[in-house]
Amino acid sequence: MVEKIKKLSPARIIALGFISVILMGSFILMLPASIKEGVSLKYIDALYTSTSAVCVTGLISVDAGDTFTFFGQFVLALLIQIGGLGVTSIGAGIIIALGRKMNIKGRTIIREAMNLNTGKGIVVFVRSIFITTLIIECIGAILSFTVFIRDYPFGQALWISIFHSVAAFNNSGFDILGGFRNLIPYQENVVLNITTCMLIFLGGIGFLVIRELWMKKLNFKKLSMHSKVVLSLSVVLILAGTVLLKITENISWMGAMFHSVSARTAGFSTYPIGEFTRAGLLVLTVLMFIGASPGSTGGGIKTSTFFMLLQGIKSAATNKSEKAFHYSIPNEAFKKAAVITLLALGVVMFGTYLLEVMEPHISLSDALFEITSAFGTVGLSTGITPDLSVQSKLLSIFIMYIGRLGPLTVASLWYFGKQERINYPVGNLSIG
């Protein structure tokens, strides 16, 4: 069995790793120690919750605060942390902690999982991931504690703060406040809003960018093209989303900014999403589809993919080579970005179609929003998730899984390395 696993491609090992953690988490969440007394939990809801946690989504069919005990919530936080950091990073961290050397296969798997260009410095990079995560989540928990201590006893406020910091940095919209309220009671609290936004932003830009910002002492001019693209486009999307949401919704500027940040794969909400206008839902849907950045805790097609699409369109329209921040862009980048986007659109459209077939009473806008949220591993919902049928929840589980792995990674799972033996002449095809 071990030998068979060793022969698998890195993508397949990563895919199997996520499935294993999801299943293990669902079984633990079904234990009596995980469920509050007097509460019944179906296995499909335990599986759905485990998938949503490991895929750092935040979509819920049962409320985590009302359903799970402290042990169950601890398991949930652990699943979120594993999902955010990545199964391979956690495994590598354990190997490093035990003092063992990482083989070439392990380095290749981590490089694939974290979208790294090289296998050099993997051990140092993994260590920096854990240290960075610990520091940021501790700061986030301390700042959140100053808010929650006003409404809860010391012990409960401390746990809520830790859970919230873990969920926010890993871009997972879970909360344990109960009553499906999310952060609505704190929509006017500046400290919690800003703290949550910063945790989401840092988790969404990726560990590579965070590390480079630290090493270059926040000097934007010295950053690589990747970091400049990620930071620039992230800020533009946040500002654009804030303005558009403020125009369409009757919410504060802080609320508009919060949802603009959160829609990019986090899933927290300070206003009821079900009360948003269709125009507002459209803005959130686009932001959810674009998502976070490569090597981050978030999902979506990624900011760099969206940027590359824009550059490719600009290049085709102006007949000029693709450039950004005084760098030439690789020729294959646009092709890869187009493939990822088309695969993602296919998953979202077909998923929406299937959901409409299985749940004909759900409006098209709600169905599209739900599936996009699942694919982008966001967690925002108009309120239809708890009432979905078993088959619809299974569909959502599958969509979340694809969103966490990435559509291109999922597509590559079917490749068996067969060489093409036939070459055909190049044909002519009219386009446009």
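Thr-265 is located in the loop that joins H13 to helix H14 (278–290); helices (H or I, at least four residues) are DSSP runs numbered from the N terminus. The phi of Thr-265 is positive, near 95 degrees, although this residue is not a glycine. Thr-265 is buried, with a relative accessible area of 0%; buried means under 20% relative accessible area, exposed over 50%, and partly exposed in between (1.4 Å probe, protein chains only).

Lys-217, in the loop between helix H11 (207–215) and helix H12 (225–248), also has a positive phi, of about 55 degrees, without being a glycine. Lys-217 is exposed, at a relative accessible area of 73%.

## Basis of the model

The model is predicted: local features need pLDDT of at least 70, side-chain atom pairs count only at pLDDT 80 or more, and totals for chains, interfaces and linings use all residues. Residues are numbered from 1 along each chain as its sequence is written, and side-chain values use heavy atoms, with hydrogens and water left out.

## Packing of H10 and H13

Helix H10 (residues 190–205) packs against helix H13 (residues 253–262) at an angle of about 25 degrees, and their axes (lines fitted to C-alpha atoms over the stretch in contact, with angles from 0 to 180 degrees between N-to-C directions) are 9 Å apart. The two helices are therefore roughly parallel, a term for angles under 35 degrees.

In contact (heavy atoms within 4.5 Å), residues of H10 including Val-190, Ile-194 and Cys-197 meet residues of H13, among them Met-254, Phe-258 and Val-261.

## Helix H5

Twelve of the 16 residues of H5 are buried, among them Gly-72, Leu-76 and Ile-80. H5 is followed by Gly-86, with a positive phi near 100 degrees.

How values were computed
Angles under 35 degrees count as roughly parallel, over 145 as roughly antiparallel, 65 to 115 as roughly perpendicular and the rest as oblique.
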